[in-house]
Amino acid sequence: MALLELLPAAPGVAALPDHLASQLSAREREIAALAVAGLQDQQIAEKLFLSRYTVKQYLKTTYRKLGIRSRLELTRAALTGEPADDGPHPTTPEQP
């Protein structure tokens with residue numbers, strides 16, 4: 001299991017492994033790291049001087065780019081280095 005790395009610009013904030021982080025913009029990485037560290041959307045918004053809605057949109061984009069569906073999966077990806085795939089997505093029809 002990979003350990004969380006620290007972002008130099010924000011001490012104490014967990015970061016995604018490089019191969020996942022490289023798929024994201026700098027702001028998406030920053031918001032994802034704060035979410036993995038346990039901050040809620042409103043706390044992230046206040047810390048980064050953004051609206052809560054903007055934080056939600058960044059997280060949505062991050063989830064889509066990484067092929068994940070939730071904060072839990074984002075945290076798993078940060079810990080293991082791989083996005084979690086717990087089976088078919090609820091909106092995805094099952095293949096015969």
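Here is a short walk through this protein chain, from its overall build to its salt bridges. It's a predicted model, so local features need pLDDT of at least 70, side-chain atom pairs count only at pLDDT 80 or more, and totals for chains, interfaces and linings use all residues. Residues are numbered from 1 along each chain as its sequence is written, and side-chain values use heavy atoms, leaving out hydrogens and water.

Start with the layout: the chain has five helices and two strands, in the order β-β-α-α-α-α-α. (Helices, H or I with at least four residues, and strands, E with at least two, are DSSP runs numbered from the N terminus.) Of its 96 residues, 32% are buried, meaning under 20% relative accessible area with a 1.4 Å probe, protein chains only; exposed is over 50%, and partly exposed is in between.

Now for the salt bridges, where a side-chain nitrogen of Lys or Arg sits within 4 Å of a carboxyl oxygen of Asp or Glu. The whole structure holds five. One of them pairs R27 with E30, with the closest N and O atoms 2.9 Å apart. These two are three residues apart in helix α2 (residues 26–36), so about one helical turn separates them.

D41 and K56 make another, at 3.3 Å between the closest N and O atoms. This pair links distant parts of the chain, from D41 in helix α3 (residues 41–48) to K56 in helix α4 (residues 52–66). D41 is buried at 11%, while K56 is partly exposed at 38%.

Lastly, R69 bridges to E73, with 2.7 Å between the closest N and O atoms. E73 lies in helix α5 (residues 71–80) and is buried, at 4% relative accessible area.
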